[in-house]
Amino acid sequence: MDAFGYLYTIATVGMTFAGLSVLTMILRQMLGGRITKWDSWVTRTWVELGFMTTLGSILPPLLILFESPAPIAWRISSGVMAVILGSWALTFPRRRKAVNPTRLPLQVVMFSLAMDIAALALAANAIVVPGERLAGVYAAAVTVILTAAGLLFLFAFVHWYEALLTHDKPNT
(Lines give C-alpha, C1' and ligand atoms only; values in the text may rest on other atoms or scores of the structure.)
Protein backbone atom coordinates (compact mmCIF):
# COMPACT_ATOMS: atom_id res chain seq x y z
CA MET A 1 0.00 0.00 0.00
CA ASP A 2 1.19 3.53 -0.72
CA ALA A 3 0.23 4.60 2.80
CA PHE A 4 2.83 2.30 4.33
CA GLY A 5 5.74 4.08 2.66
CA TYR A 6 4.48 7.35 4.07
CA LEU A 7 3.99 5.84 7.54
CA TYR A 8 7.49 4.33 7.52
CA THR A 9 8.85 7.79 6.74
CA ILE A 10 6.84 9.29 9.60
CA ALA A 11 8.13 6.52 11.91
CA THR A 12 11.70 7.43 10.98
CA VAL A 13 11.08 11.11 11.61
CA GLY A 14 9.36 10.29 14.92
CA MET A 15 12.35 8.32 16.19
CA THR A 16 14.72 11.02 14.98
CA PHE A 17 12.62 13.60 16.81
CA ALA A 18 12.80 11.58 20.04
CA GLY A 19 16.59 11.34 19.72
CA LEU A 20 16.96 15.03 18.90
CA SER A 21 14.93 15.89 21.98
CA VAL A 22 17.34 14.04 24.22
CA LEU A 23 20.38 15.51 22.44
CA THR A 24 18.94 19.00 22.93
CA MET A 25 18.84 18.48 26.68
CA ILE A 26 22.38 17.12 26.68
CA LEU A 27 23.56 20.15 24.66
CA ARG A 28 21.77 22.50 27.02
CA GLN A 29 23.53 20.91 29.97
CA MET A 30 26.90 21.05 28.19
CA LEU A 31 26.41 24.79 27.60
CA GLY A 32 26.02 25.31 31.31
CA GLY A 33 22.27 25.10 31.61
CA ARG A 34 20.96 23.38 34.67
CA ILE A 35 18.46 20.59 34.00
CA THR A 36 15.41 21.20 36.15
CA LYS A 37 12.40 19.03 36.89
CA TRP A 38 10.55 21.14 34.31
CA ASP A 39 13.23 20.50 31.64
CA SER A 40 13.07 16.78 32.32
CA TRP A 41 9.28 16.78 32.00
CA VAL A 42 9.40 18.70 28.71
CA THR A 43 12.02 16.32 27.31
CA ARG A 44 10.00 13.30 28.41
CA THR A 45 6.95 14.80 26.71
CA TRP A 46 8.85 15.16 23.43
CA VAL A 47 10.19 11.61 23.65
CA GLU A 48 6.71 10.26 24.41
CA LEU A 49 5.31 12.03 21.34
CA GLY A 50 8.16 10.74 19.17
CA PHE A 51 7.52 7.16 20.29
CA MET A 52 3.76 7.63 19.96
CA THR A 53 4.25 8.78 16.38
CA THR A 54 6.47 5.80 15.68
CA LEU A 55 4.05 3.31 17.21
CA GLY A 56 1.20 4.83 15.25
CA SER A 57 3.21 4.54 12.06
CA ILE A 58 4.17 0.87 12.40
CA LEU A 59 0.92 -0.48 13.87
CA PRO A 60 -1.14 -0.78 10.63
CA PRO A 61 1.63 -2.60 8.69
CA LEU A 62 2.08 -4.95 11.66
CA LEU A 63 -1.62 -5.83 11.66
CA ILE A 64 -1.50 -6.42 7.89
CA LEU A 65 1.37 -8.87 8.45
CA PHE A 66 -1.07 -10.91 10.53
CA GLU A 67 -3.30 -11.00 7.43
CA SER A 68 -5.89 -8.68 8.90
CA PRO A 69 -8.06 -7.12 6.17
CA ALA A 70 -6.88 -3.57 5.46
CA PRO A 71 -10.06 -1.80 6.66
CA ILE A 72 -9.96 -3.76 9.93
CA ALA A 73 -6.25 -3.00 10.40
CA TRP A 74 -6.90 0.73 9.92
CA ARG A 75 -9.85 0.71 12.31
CA ILE A 76 -8.02 -1.27 15.01
CA SER A 77 -4.95 0.97 14.66
CA SER A 78 -7.17 4.04 14.85
CA GLY A 79 -8.90 2.77 17.98
CA VAL A 80 -5.64 1.90 19.71
CA MET A 81 -4.08 5.25 18.85
CA ALA A 82 -7.26 7.14 19.82
CA VAL A 83 -7.09 5.58 23.29
CA ILE A 84 -3.34 6.21 23.68
CA LEU A 85 -3.38 9.78 22.35
CA GLY A 86 -6.71 10.62 23.95
CA SER A 87 -5.61 9.56 27.41
CA TRP A 88 -2.28 11.32 26.93
CA ALA A 89 -3.95 14.54 25.74
CA LEU A 90 -6.60 14.53 28.47
CA THR A 91 -3.98 14.23 31.21
CA PHE A 92 -1.52 16.66 29.61
CA PRO A 93 -2.76 19.86 31.33
CA ARG A 94 -2.78 18.18 34.76
CA ARG A 95 0.68 16.67 34.28
CA ARG A 96 2.03 20.01 33.05
CA LYS A 97 0.51 21.88 35.99
CA ALA A 98 2.16 19.45 38.41
CA VAL A 99 5.62 20.58 37.25
CA ASN A 100 4.83 24.14 36.19
CA PRO A 101 1.81 25.80 37.81
CA THR A 102 1.98 28.89 35.57
CA ARG A 103 -0.74 29.61 33.05
CA LEU A 104 -0.51 27.72 29.76
CA PRO A 105 0.89 29.86 26.93
CA LEU A 106 -1.36 30.21 23.88
CA GLN A 107 0.99 28.04 21.80
CA VAL A 108 0.67 25.20 24.31
CA VAL A 109 -3.12 25.56 24.40
CA MET A 110 -3.16 25.29 20.59
CA PHE A 111 -0.88 22.24 20.78
CA SER A 112 -3.18 20.61 23.30
CA LEU A 113 -6.23 21.30 21.12
CA ALA A 114 -4.46 19.81 18.09
CA MET A 115 -3.82 16.62 20.05
CA ASP A 116 -7.46 16.50 21.18
CA ILE A 117 -8.66 16.92 17.59
CA ALA A 118 -6.25 14.24 16.35
CA ALA A 119 -7.53 11.83 19.03
CA LEU A 120 -11.13 12.56 18.01
CA ALA A 121 -10.25 12.03 14.34
CA LEU A 122 -8.70 8.68 15.21
CA ALA A 123 -11.78 7.68 17.22
CA ALA A 124 -14.03 8.67 14.29
CA ASN A 125 -11.76 6.73 11.95
CA ALA A 126 -12.18 3.64 14.11
CA ILE A 127 -15.96 3.90 14.02
CA VAL A 128 -17.56 5.93 11.23
CA VAL A 129 -15.16 6.99 8.46
CA PRO A 130 -15.89 5.31 5.09
CA GLY A 131 -13.44 2.54 4.18
CA GLU A 132 -11.80 4.37 1.28
CA ARG A 133 -10.74 7.24 3.58
CA LEU A 134 -9.35 5.19 6.49
CA ALA A 135 -5.67 5.32 5.51
CA GLY A 136 -5.74 9.04 4.74
CA VAL A 137 -7.43 10.06 7.97
CA TYR A 138 -5.13 7.80 9.97
CA ALA A 139 -1.96 9.11 8.31
CA ALA A 140 -3.13 12.70 8.77
CA ALA A 141 -3.76 12.16 12.49
CA VAL A 142 -0.33 10.60 13.03
CA THR A 143 1.20 13.50 11.09
CA VAL A 144 -0.61 15.97 13.35
CA ILE A 145 0.97 14.29 16.40
CA LEU A 146 4.44 14.70 14.94
CA THR A 147 3.85 18.22 13.61
CA ALA A 148 2.37 19.50 16.86
CA ALA A 149 5.24 17.92 18.81
CA GLY A 150 7.73 19.61 16.50
CA LEU A 151 6.06 22.99 16.94
CA LEU A 152 6.02 22.51 20.71
CA PHE A 153 9.73 21.65 20.52
CA LEU A 154 10.46 24.85 18.57
CA PHE A 155 8.43 26.95 21.00
CA ALA A 156 10.31 25.56 24.00
CA PHE A 157 13.68 25.78 22.22
CA VAL A 158 13.17 29.45 21.35
CA HIS A 159 12.06 30.15 24.93
CA TRP A 160 15.16 28.43 26.33
CA TYR A 161 17.45 30.19 23.85
CA GLU A 162 16.03 33.60 24.75
CA ALA A 163 16.43 32.79 28.46
CA LEU A 164 20.06 31.77 27.84
CA LEU A 165 20.76 35.05 26.00
CA THR A 166 19.10 37.11 28.74
CA HIS A 167 21.06 35.22 31.41
CA ASP A 168 24.39 35.92 29.67
CA LYS A 169 23.90 39.73 29.51
CA PRO A 170 26.01 41.60 32.02
CA ASN A 171 24.16 43.54 34.72
CA THR A 172 24.46 47.31 34.16
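A: Helices (H or I, at least four residues) and strands (E, at least two) are taken here as DSSP runs, numbered from the N terminus. On that basis the protein chain holds five helices and zero strands, and its elements follow the order α-α-α-α-α from the N terminus on. This is a predicted model, in which local features need pLDDT of at least 70 and side-chain atom pairs count only at pLDDT 80 or more, while totals for chains, interfaces and linings use all residues. Residues are numbered from 1 along each chain as its sequence is written, and side-chain values use heavy atoms, with hydrogens and water left out.

The C-alpha trace of the protein chain spans about 70 × 30 × 20 Å along its principal axes. Contacts (heavy atoms within 4.5 Å) between residues at least 6 apart in sequence join residues at least 24 apart in 78% of cases.

Helix α1 covers residues 2-30 and helix α2 residues 37-65; their axes lie 8 Å apart at an angle of about 165 degrees. Axes are lines fitted to C-alpha atoms, for helices over the stretch in contact, and angles run from 0 to 180 degrees between N-to-C directions. The pair α1 and α2 is therefore roughly antiparallel (angles over 145 degrees; under 35 is roughly parallel, 65 to 115 roughly perpendicular, the rest oblique). The contact of α1 with α2 is made of 17 nonpolar residues, seven polar and two charged. Nonpolar covers Ala, Val, Leu, Ile, Met, Phe, Trp, Tyr, Cys and Pro, charged covers Asp, Glu, Lys and Arg, and the others, Gly among them, are polar. Within helix α2 sits T43, which counts as buried because its relative accessibility is 9%. Apart from neighbours within four places in sequence, T43 contacts S21, V22 and M25.

Turning to α2 and α3, their axes come within 9 Å and cross at roughly 175 degrees, which makes α2 roughly antiparallel to α3. The contact of α2 with α3 involves 20 nonpolar, three polar and four charged residues. In the loop between α2 and α3 lies E67, a residue other than glycine whose phi is positive, near 60 degrees. E67 counts as exposed because its relative accessibility is 72%.

Not counting residues up to four places away in sequence, M115 touches L49, L85, W88, A89, I145, A148 and A149.

In helix α5 is L152, which counts as buried because its relative accessibility is 10%. Its contacts beyond four places in sequence are T45, W46, V108 and F111. L152 and T45 are 107 residues apart along the chain, and their C-alpha atoms are separated by 9.8 Å.

Note on methods:
Buried < 20%, exposed > 50% of the residue type's maximum accessible area, 1.4 Å probe, protein only.
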